[in-house]
Amino acid sequence: MELGETVCLPNTEPLCERCPVASLCLARQEGEPSRYPVRSAPKARRIEERTVLLLCSDHQYAIRRREEKGLLAGLWEFPSLDGVRSADDLAELFPEALSITASGSAKHIFSHVEWHMTGYLVLLPRPLPGYVWETADAIRESYSIPTAFKYYRNQL
């Protein structure tokens, strides 16, 4: 029997007179049936630090598809790395970079995860393999970039 759906209704007075187990109910015996059911506290969001890369070569930017499982599965994104990386860290990863410039911080809240993002514009002499390279206009018009990356899409 679904007592929570039919008798012990949240946000309203419980219907104790309809309850088949009223004689066993501790809340009713204590004279406080409206205090129940007690909602459990929501779980705290997991915070993930991300470094978002706006890789640019000859006025084209790198995008890629996310994996087919997990958060934002199969959607397009700007390349990113786990954790907070510094410009010096990126210089080691991209020794051919012409320049590496901070492009700001952003936060996006999902129901159970919160992304704290730090972005960098990395100018490269030529496109790197493994990405789709498109102009800023083409990315805005033809690719559905999740709103989590809206701040960086606006940086293009």
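A salt bridge is taken here as a side-chain nitrogen of Lys or Arg within 4 Å of a carboxyl oxygen of Asp or Glu. By this rule, seven salt bridges are counted in the structure, which is a predicted model. Side chains of opposite charge can pair when their charged atoms come close.

Two of these pairs involve Glu 77. The side chain of Glu 77 forms a salt bridge with that of Arg 64, with an N to O distance of 2.9 Å. This pair links distant parts of the chain, since Glu 77 belongs to strand β3 and Arg 64 to strand β2, 13 residues apart. Glu 77 also meets Arg 66 in a salt bridge, here at 2.7 Å from N to O. Arg 66 is placed in the loop between β2 and β3, 11 residues from Glu 77, and this pair likewise links distant parts of the chain. Glu 77 has a relative accessibility of 3% and therefore counts as buried. Arg 66 is buried as well, at 16%, whereas Arg 64, at 25%, counts as partly exposed.

A further salt bridge joins Glu 114 and Arg 45, whose closest N and O atoms are 3.6 Å apart. The two residues are 69 residues apart and link distant parts of the chain, with Glu 114 in strand β6 and Arg 45 in the loop between α2 (26-29) and β1. Glu 114 is buried, its relative accessible area being 11%, while Arg 45 counts as partly exposed at 40%. Through salt bridges that share partners, Arg 45, Lys 107 and Glu 114 are joined into one network.

Arg 153, in helix α5 (residues 150-153), presents another case. Arg 153 is buried but has no salt bridge, and the nearest side chain of opposite charge, that of Asp 137, is 11 Å away. Beyond its neighbours within four places in sequence, Arg 153 is in contact with Phe 78, Arg 140, Ile 145 and Pro 146.

The largest pocket has a volume of about 160 Å³. Its lining consists of Arg 64, Arg 65, Arg 66, Glu 67, Lys 69, Gly 70, Leu 71 and Glu 77. Six of the lining residues are charged, one is polar and one is nonpolar.

Trp 133 lies in strand β7 (residues 132-134) and is buried, with a relative accessible area of 11%. The C-alpha atoms of Trp 133 and Gln 60 are separated by 5.6 Å, although the two are 73 residues apart along the chain. When residues up to four places away in sequence are not counted, Trp 133 touches Leu 55, Cys 56, Ser 57, Gln 60, Tyr 61, Ala 62, Leu 124, Pro 127 and Leu 128. Thr 118 is part of strand β6 (residues 113-123) and counts as buried at 18% relative accessibility. With residues up to four places away again left out, those touched by Thr 118 include Arg 50, Val 84, Gly 104 and Tyr 152.

Positive phi values in residues other than glycine are found at two loop positions. Asp 58, with phi near 50°, is located in the loop between β1 (46-57) and β2 (60-65). Leu 72, with phi near 55°, is located in the loop between β2 and β3 (76-77). Asp 58 is exposed at 66% relative accessibility, whereas Leu 72 is buried at 18%.

How values were computed. Residues numbered from 1 in each chain as written. Predicted model: local features only at pLDDT ≥ 70, side-chain atom pairs only at ≥ 80, totals over all residues. Heavy atoms only, no water. Helix = DSSP H or I, 4+ residues; strand = E, 2+ residues; numbered from the N terminus. Buried < 20%, exposed > 50% of the residue type's maximum accessible area, 1.4 Å probe, protein only. Contact = heavy atoms within 4.5 Å. 1 Å grid on protein atoms, 1.4 Å probe; cavity = no way out; pocket = protein on both sides within 12 Å on 5 of 7 lines; lining within 4 Å. Points joined across faces, edges and corners; volume = space filled by probe spheres on them. Nonpolar A, V, L, I, M, F, W, Y, C, P; charged D, E, K, R; others polar. Lys, Arg positive; Asp, Glu negative; His and termini not counted.
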